[in-house]
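Please keep the sequence and the structure in view while reading.

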Amino acid sequence: MFLLPALIGFGIFYVYPSVRGVWISLTDWNLLSDPEPVGMANYAELATDPLFWRALLLTGYNTVLNLAGQLTLALVLAALMHRLTKSVVLRATLLLPWLVPNVATALLWLWLLDANLGFVNQLFSSLGLPTHGFFSSPAEAMPSVALVTTWASVGYVALLLYAGMLQIPRQVYEAAAIDGAGEIRIFFRVTLPLLRPILALVLVVSVIGCFQIFDTIAVATKGGPINATKVIYYYVYQEAFTHFRMGYAAAMALSLVLILGTLTYLQMRLMRASNSDLA
C-alpha cells in the first residue's frame with residue numbers, strides 16, 4: 001500500500017509513455033493528422049541514415065571527452081579531499097556548478113568563449129596568443145561543449161567518489177603506510193581497487209548523462225557549425241519538433257534506449273559492480 005502511489009505515478013508517467021512511444025515509432029505522424037501505421041519502415045530508414053550514424057559518433061566522441069576529463073579531475077579532487085581536508089565549505093563549492101541550470105551554464109560559457117567579445121579570447125589577445133572560435137569552429141566546437149559539461153559535472157562526480165572513499169576502512173590505509181607505501185602507491189593499489197563499485201556507478205551515470213546532452217547544444221551551437229555538434233538527442237529533437245516526424249524521432253529514441261541499455265549491462269558486468277572487495 002505504501003508503494004502504491006509511487007507505482008501509479010510510475011505507470012502513468014513512465015510505463016504508458018514508453019508503450020505509446022513504441023507504438024508511435026511504428027507510425028508516420030506529423031502531429032497535425034492521425035498517425036498512419038508504417039510497420040518497421042522508420043527503423044529501416046535509421047539503418048541507412050548517415051546523419052543518424054554521424055550523430056551517434058559525435059555523441060560517442062563527446063562521451064569519451066567528458067569521461068576522460070570528468071573522471072580524471074574528479075578522482076584527483078576526491079583524493080585531495082579525502083587525504084588532506086574534509087571542509088564542508090569546499091564540498092559545497094564543488095557542488096555549485098552542478099546546481100546551476102544547464103541553460104544558464106551554457107549561456108555563461110557562450111559569453112566567456114565568444115570569438116569577439118569573450119573574456120577568454122580577450123585574455124588570449126592580451127597575452128599575444130591567437131584567438132579561437134570555440135563554438136564557431138567545427139574542430140573546436142565539440143571539445144568546447146565537453147569542456148562546459150565537464151566543468152558543470154566534475155564537482156558532483158568528485159563528491160560521489162569522495163563518499164565511496166569514506167567507506168574504505170582507515171585500517172587499510174594504516175596497514176599500507178606501515179608497509180612503506182607512499183600516497184601515490186596507496187591511491188593506485190588501495191583506493192582505486194576498493195572504489196570499483198562506486199566507479200562502476202559513476203561510469204554508468206556519466207555515460208547516460210553524456211548521451212542525454214541537449215541543453216548546452218541547443219543554447220551554444222544549435223547542432224552547428226556544419227552539424228559538428230549535432231548529437232543524437234538534438235537530432236531527435238529536430239526530427240520531432242522541427243520536421244514534425246514524430247514516428248522517426250520515436251524510433252531513434254527507442255534505438256538510443258537499446259544502445260544505453262546494452263552499454264550499461266556491459267559496464268556493470270565488466271566492472272563487477274555488484275561485488276565489493278571490502279565484503
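A residue is called buried when its relative accessible area is under 20%, exposed when that area is over 50%, and partly exposed in between. The structure shown is a predicted model, and the values below are computed from it.

**Aromatic rings**

By the 20% and 50% limits, Tyr-237 counts as partly exposed because its relative accessibility is 35%. Phe-214, at 23% relative accessibility, likewise counts as partly exposed, whereas Phe-187, at 18%, counts as buried. Across the whole structure, a search finds ten aromatic pairs, and two of them are described here. The ring centres of Phe-187 and Phe-188 lie 5.2 Å apart with their planes at 85 degrees, so this pair is edge-to-face. The pair of Phe-214 and Tyr-237 is also edge-to-face, because the ring planes stand at 65 degrees, with the centres 5.1 Å apart. Phe-214 belongs to the loop between α10 and α11 (215-220), while Tyr-237 belongs to helix α12 (residues 232-241), so their pairing ties together parts that are 23 residues apart in sequence. Ring pairs also join Phe-214 and Tyr-237 with Tyr-234 and Phe-241 in a cluster.

**Helix packing**

Two packed helices are described by the angle between their axes and the distance between the axes. The table gives these values for two helix pairs.

| Helix pair | Axes come within | Crossing angle |
|---|---|---|
| α3 (residues 50-83) and α10 (residues 196-211) | 9 Å | roughly 140 degrees |
| α12 and α13 (residues 246-270) | 7 Å | roughly 160 degrees |

The axes of α12 and α13 cross at roughly 160 degrees, and that makes α12 roughly antiparallel to α13. The crossing of α12 and α13 is left-handed. From α12 the contact takes in Ile-232, Tyr-233, Tyr-235, Val-236, Glu-239 and Ala-240, and from α13 it takes in Met-246, Tyr-248, Ala-249, Met-252, Ala-253 and Leu-256. Sorted by class, the residues of this contact are eleven nonpolar, no polar and one charged.

For α3 and α10, the axes cross at roughly 140 degrees, and these helices are therefore oblique to each other. Their crossing is right-handed. On the α3 side the contact is formed by Thr-59, Asn-62, Thr-63, Asn-66, Leu-67, Gln-70, Leu-71 and Leu-75, and on the α10 side by Leu-199, Val-202, Leu-203, Ser-206, Val-207, Cys-210 and Phe-211. The contact of α3 with α10 has nine nonpolar and six polar residues, with no charged residues.

How values were computed: Residues numbered from 1 in each chain as written. Predicted model: local features only at pLDDT ≥ 70, side-chain atom pairs only at ≥ 80, totals over all residues. Heavy atoms only, no water. Axes fitted to C-alpha atoms, helices over the stretch in contact; angles between N-to-C directions. Helix = DSSP H or I, 4+ residues; strand = E, 2+ residues; numbered from the N terminus. Parallel < 35°, antiparallel > 145°, perpendicular 65-115°, else oblique. Left-handed = near helix turned anticlockwise from the far one by under 90°. Contact = heavy atoms within 4.5 Å. Nonpolar A, V, L, I, M, F, W, Y, C, P; charged D, E, K, R; others polar. Phe/Tyr/Trp six-rings, centres within 6.5 Å; stacked < 30°, edge-to-face > 60°. Buried < 20%, exposed > 50% of the residue type's maximum accessible area, 1.4 Å probe, protein only.
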